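Here's a friendly walk through the structure shown below. Have it open while you read.

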Amino acid sequence: MPKPILKFAVLAGDYIGPEVMAEALRVLDHVARLEGLVLSHQAADVGGAGIDRHGQALPESTLRVCEQADAILFGSVGGPKWEKLPPKEQPERAALLPLRRHFTLFANIRPGLLYRELTDASPLKSERIPDGIDIVCIRELTGGLYFGKPKETTTLPDGDVQAVDTMVYKKSEIERILQVAITTARARKRKLCSVDKANVLETSVLWRKTVTDYCAAHAPDLALSHMYVDNAAMQLARDPNQFDVFVTENMFGDILSDEMAVICGSLGMLSSASLGAGKNSLGLPFGLYEPAGGTAPDIAGKGIANPCAQILSVALMLRHSFGLETTATRLEAAVKKAVTSGTRTGDIAFGRPSVGTRAMADAVIANL
Ligand code: IPM
Ligand code: MG
């Protein structure tokens with residue numbers, strides 16, 4: 001068997017982004033050596049680093065690097081240094097949204113995972129989550145309010161000012177995200193909850209009908225349920241494990257995935273995948289893989305950030321864009337073993353002794 005070449009772009013970004021990225025790449029190097037995988041990655045500037053060096057959060061040159069790769073490993077972008085910029089130029093928005101649009105990254109997969117050993121990290125009472133949390137949010141990422149047209153602010157004849165965002169969905173877009181949700185649910189407990197606001201929104205009425213019809217025809221093996229988004233927000237806080245996989249539109253998914261992140265305790269443990277509509281040179285989905293946590297400017301430069309989310313994002317990249325399920329699982333197991341056997345960065349230490357970014361990565365490597 002020829003050794004697969006893993007060709008990916010590395011967009012580390014700002015503050016702790018490069019710190020955790022360096023450790024994730026070191027872990028990946030180690031796995032690659034163990035398994036005979038060949039790495040070919042190229043770094044490029046993004047976010048604040050892009051603004052500072054090229055005058056743009058997503059420089060053309062960075063986009064070219066991404067286009068030549070089979071996947072993007074993303075760090076995180078933004079921070080106080082660029083907060084004074086107008087909203088449209090903020091690193092988060094000006095880097096992520098164009099990347100999503102350019103590569104049609106329509107499927108955002110966010111695992112909500114909290115190991116049983118870390119239930120203390122959750123703001124939920126431990127008796128509500130005796131075994132931790134293990135759910136997945138599938139968020140549609142290129143439609144709805146984020147990209148719908150018209151999207152504008154106008155001054156009305158009477159001098160008042162009006163702003164419009166448009167929530168729009170096509171049946172084909174709903175079916176496309178649903179297919180990802182079905183695949184995800186089939187690899188787990190075959191339980192899928194579709195979240196909408198069909199009691200109020202036209203797009204949600206189409207969403208619910210499309211999900212119902214499509215699942216009846218193509219996924220009768222799944223236990224399908226529907227829930228209004230306001231109730232879903234409540235149920236997540238009450239009993240998160242009643243969900244296994246839930247699928248929802250862009251804006252609802254943005255909000256619910258943050259709620260899911262907070263009940264899962266540490267942002268330093270959460271990864272995400274954004275899969276594209278296009279295939280990479282291996283015939284697998286092109287995707288962008290990033291930790292959920294952000295740039296954490298308050299701890300940047302101290303070498304104490306938790307690299308686990310970035311390492312777990314590497315695992316998602318191996319699984320989805322390179323078809324290396326066994327290697328991905330191996331990496332995930334090593335992170336779990338390192339953390340549950342007691343190696344902890346400050347965010348998940350709860351008063352116990354904690355280690356730094358590098359030592360945390362060393363522990364993962366030792367458990368591979
Ligand atoms: C996320 C973020 C982005 C979003 C922002 C930074 C544009 O909140 O990935 O969830 O709203 O999608
Ligand atoms: Mg968000």
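## Two cysteines apart

The sulfur of C137 lies 11 Å from the closest cysteine sulfur, the one in C264, which is too far for a bond. Searching the whole structure turns up 0 disulfides (a disulfide being two cysteine sulfur atoms within 2.5 Å). C137 is buried, at 0% relative accessibility, and C264 is buried too, with a relative accessible area of 2%. Here, buried means under 20% relative accessible area, exposed means over 50% and partly exposed is in between, using a 1.4 Å probe and protein chains only.

## Before going on

This is a predicted model, where local features need pLDDT of at least 70, side-chain atom pairs count only at pLDDT 80 or more, and totals for chains, interfaces and linings use all residues. Residues are numbered from 1 along each chain as its sequence is written, chains are lettered from A and ligands numbered from 1 in the order in which they are written, and side-chain values use heavy atoms, leaving out hydrogens and water.

Q310 sits in helix α9, residues 308-320 (helices are DSSP runs of H or I with at least four residues, strands are E runs of at least two, and both are numbered from the N terminus). With 1% relative accessibility, Q310 counts as buried. Its side chain reaches the backbone oxygen of F74 at 2.9 Å. Setting aside neighbours within four places in sequence, Q310 is in contact with residues including V20, M21, L73 and P291, where contact means heavy atoms within 4.5 Å.

## Helix α11

Which residues of helix α11 (357-366) are buried? They are T357, M360, A361, A363, V364 and I365. These buried residues pack against α1 (16-35), α9 and α10 (325-340).

## Spaces inside

On a 1 Å grid over the protein atoms alone, a cavity is a set of points where a 1.4 Å probe fits but cannot get out; a pocket is an open set with protein on both sides within 12 Å along at least five of seven lines, and lining residues have an atom within 4 Å of a point. Grid points join across faces, edges and corners, and a volume is the space filled by probe spheres set on them. C264 turns up again here, lining the largest cavity along with others, among them Y115, S266 and L312.

The largest pocket has a volume of about 1,100 Å³. Of its 39 lining residues, R188, L316, R319, H320 and E332 lie nearest its centre.

Conventions. Polar contact = N/O pair within 3.5 Å; in protein donor to acceptor, adjacent residues only side chain to side chain.
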